[in-house]
Amino acid sequence: MPSSEKIVSQSYIRNKTIFAFIIFILFIAGCIAGWKWLQKQPTDQGALKPLRAGLNYNEKIFSNIFSNNHLVKTYPVSQAVPKVRVNGDVGMGNNFDTATWKLQVIKKTGDTLFISMAQIKALPKTDLVFDFKCIEGWSQVTHWAGVKFSDFVKHFGLDEDVKMNYTGLETPDDEYYVGIDNKSMMHPQTILCYEMNGAPLPMNQGYPLRLIIPVKYGIKHLKRIGTIYFSNTRPKDYWYERGYDYYSGL
Ligand SMILES: Nc1nc2c(c(=O)[nH]1)N[C@H]1C(S)=C(S)[C@@H](COP(=O)(O)O)O[C@H]1N2
Ligand SMILES: [Mo]
């Protein structure tokens, strides 16, 4: 018999068992009380306050370790799916005139630029094949092309504007809108996109211009951009108002 073994009584084991069981009951009661307390908390933009605080805290951590040198994984064009899922049609109504569309960029100074598709297509084109991830739980390897937002900024003299904390993007009818931190906007894989699978964007996927931002979940990839503006405070955000994470980073 190894010397470390010791003989214990039945009552010792019974007391230990009872003690462990009481701890277990207290733990369960604590969980239930915690859950009830959580449900009674006020909400902040559709999310319970303590949960919203958790999301905001995550944003602090992840925006600090965010780096333009960390690229999202890309794939060969051959791996892109031919039939791309269509998801979300807020702000995609029929009351939209493609013929008169121009991208509006509201500068920090208050001046507005009106930019045509031809001006955008004249800039260097970047292709991108990546795994598009929706917060609903699906993902798809898809092929997009357009101009890097950072190239766009340089070309149109928006360097001072992107020194502000956020960019806001809206559909022409202002029904769908997102706000994105400028570190993510200036990431080298963020593009103002006008092509999918080598052809102009289909209407329901954001023709003539949409955002593709692989460092974010799908909710931030606004289709049919009407207006872009800049702000030091968080621009309004459609899904944020409905309880989702503002940062929505990947
Ligand atoms: N204008 C607009 N853009 C949008 C949405 C929307 O409802 N309206 N949905 C978002 C969501 S939740 C996802 S997952 C992607 C889907 O892009 P897709 O339809 O090209 O797959 O678009 C995003 N952009
Ligand atoms: Mo999504």
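In this predicted model, helix H2 runs over residues 49–65 and comprises 17 residues. The distance from its first C-alpha to its last is 25 Å, close to the 24 Å expected at 1.5 Å a residue. Three named positions of H2 are buried, namely Arg52, Glu59 and Ser63. Because these residues cover an arc of only 15 degrees around the axis, they lie on the same side of H2. The other side of the helix carries the exposed residues Tyr57, Lys60, Asn64 and Ile65.

The buried residues of the helix pack against strand S1 (43–44), strand S2 (47–48), strand S7 and helix H5 (182–185).

Strand S7 belongs to an open sheet of 5 strands, arranged in the order S4-S3-S12-S7-S8 with mixed pairing. At the edges of this sheet are strand S4 (112–115) and strand S8 (177–181), each of which pairs on one side only. Neighbouring strands of the sheet are turned against each other by 20 degrees on average, with direction ignored.

Strand S7 spans residues 166–170 and pairs with S8 in the antiparallel sense, over 5 bridges. Within this pairing, threonine 167 has isoleucine 180 of S8 as its bridge partner.

Notes:
Residues numbered from 1 in each chain as written. Chains lettered and ligands numbered in written order. Predicted model: local features only at pLDDT ≥ 70, side-chain atom pairs only at ≥ 80, totals over all residues. Heavy atoms only, no water. Pairing = 2+ DSSP bridges. Helix = DSSP H or I, 4+ residues; strand = E, 2+ residues; numbered from the N terminus. Axes fitted to C-alpha atoms, helices over the stretch in contact; angles between N-to-C directions. Expected span 1.5 Å × (residues − 1). Buried < 20%, exposed > 50% of the residue type's maximum accessible area, 1.4 Å probe, protein only. Arc of directions from axis to C-beta. Contact = heavy atoms within 4.5 Å.
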